[in-house]
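Subject: Structure handover

Hello,

Here is the structure for your files. My notes on helix packing, the chain interface and salt bridges follow below.

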Amino acid sequence: MFPESIATEQIGPTCLSRLRLSYIGWSARVRETSGFYVAGRGVPAIANRAATAADWMSAASFISMAGLISFMGYDGSIYLMGWTGVYVLLALLLAPYLREFGKYTVPDFVGDRYYSDTARVVAVIAAIFVSFTYVAGQMRGVGIVFSRFLEISIEKWAWSSVWSLLLFSPCSAE
Amino acid sequence: MTTNDFKGYWQDNKHLILILLVVWAAVSLVCGILFVEQLNKIHIGKLSLGFWVAQQGSIFVFVILIFNICLVHG
């Protein structure tokens, strides 16, 4: 229950904060798949794009990419060109068709467009790898930033963020 | 829409995507990686062109490409 070491007097507040997070997740619950994946299509386009842009200015870009470029010198620009260049690839080759097919996730779309369950499984495995790598970096970045703010160790912060995510997502999916 | 209309639409689509991909490869691979040394000899102010293309210019071009495909698809 408490993989990170918590002092005895902190168990109470920890349980309280986790209950609070679960309650927030539960209040945000939705009934349909479209609600979970695309917010029921109720978010205005500009707000949606602003959220996507904010997702780009996350720990992975600010901390990791800036650090990589400053340490690798010119060779670091492959990350710059790769980052935005692959976005171009997405927009050219994947995004319009994803929308037209009406599927929410890329593995669903791949499985349906190519009439192949093998393709879907491969896409799922690739998606899991990508998400795992990205989230690991983000959690580390979150831990680093907040540990400087509040002088709590990085591991504790990483665990807190992971717990927040774990409690929020299943509750809101009902 | 008839099958011929679909074929025509898909041909135009493929054509557009191919052109945009060529531009994409030209800016990122050719200008940014293969010919950087030669491009670095040209200077804008104090900055060498190859360096600028890799770090900023390519991203401008990518954004233009994305706008292009979005406007075309509606």
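For angles between axes, under 35 degrees counts as roughly parallel, over 145 as roughly antiparallel, 65 to 115 as roughly perpendicular and the rest as oblique. The axes are lines fitted to C-alpha atoms, for helices over the stretch in contact, and the angles run from 0 to 180 degrees between N-to-C directions. Helices are DSSP runs (H or I, at least four residues) numbered from the N terminus.

This is a predicted model, in which local features need pLDDT of at least 70 and side-chain atom pairs count only at pLDDT 80 or more, while totals for chains, interfaces and linings use all residues. Residues are numbered from 1 along each chain as its sequence is written, chains are lettered from A and ligands numbered from 1 in the order in which they are written, and side-chain values use heavy atoms, with hydrogens and water left out.

Helix packing

In chain A, the axes of α4 (residues 59–72) and α8 (residues 117–150) cross at roughly 85° and come within 9 Å. α4(A) and α8(A) are therefore roughly perpendicular to each other. Contact (heavy atoms within 4.5 Å) involves A:A59, A:A60 and A:I63 on α4(A), and A:Y134, A:Q138, A:G141, A:V142 and A:V145 on α8(A). 

α4(A) also packs against α5(A), at an angle of about 140° and with the axes 8 Å apart. From α4(A) this contact uses A:A60, A:S61, A:M65, A:L68, A:I69 and A:M72; from α5(A), A:Y79, A:L80 and A:W83.

Interface of chains A and B

Chain A contributes 17 residues to the contact and chain B 22. The two chains bury about 1700 Å² between them, 78% of it on carbon and sulfur atoms; buried area is the accessible area (1.4 Å probe) that two parts lose on being put together, summed over both. In chain A, the residues that lose the most area to chain B are A:Y74, A:M81 and A:L92, together 37% of what that side buries. Between the chains, the count of salt bridges (a side-chain nitrogen of Lys or Arg within 4 Å of a carboxyl oxygen of Asp or Glu) is 0. On the side of chain A that touches chain B, α5 (77–93) and α6 (95–101) each supply at least two residues, and α5(A) gives the most, with 12 residues.

Salt bridges

The whole structure has 3 salt bridges over all chains. One salt bridge joins A:R120 and A:D108, with the closest N and O atoms 4.0 Å apart. A:R120 lies in α8 and A:D108 in α7 (residues 106–113) of chain A, 12 residues apart.

Regards
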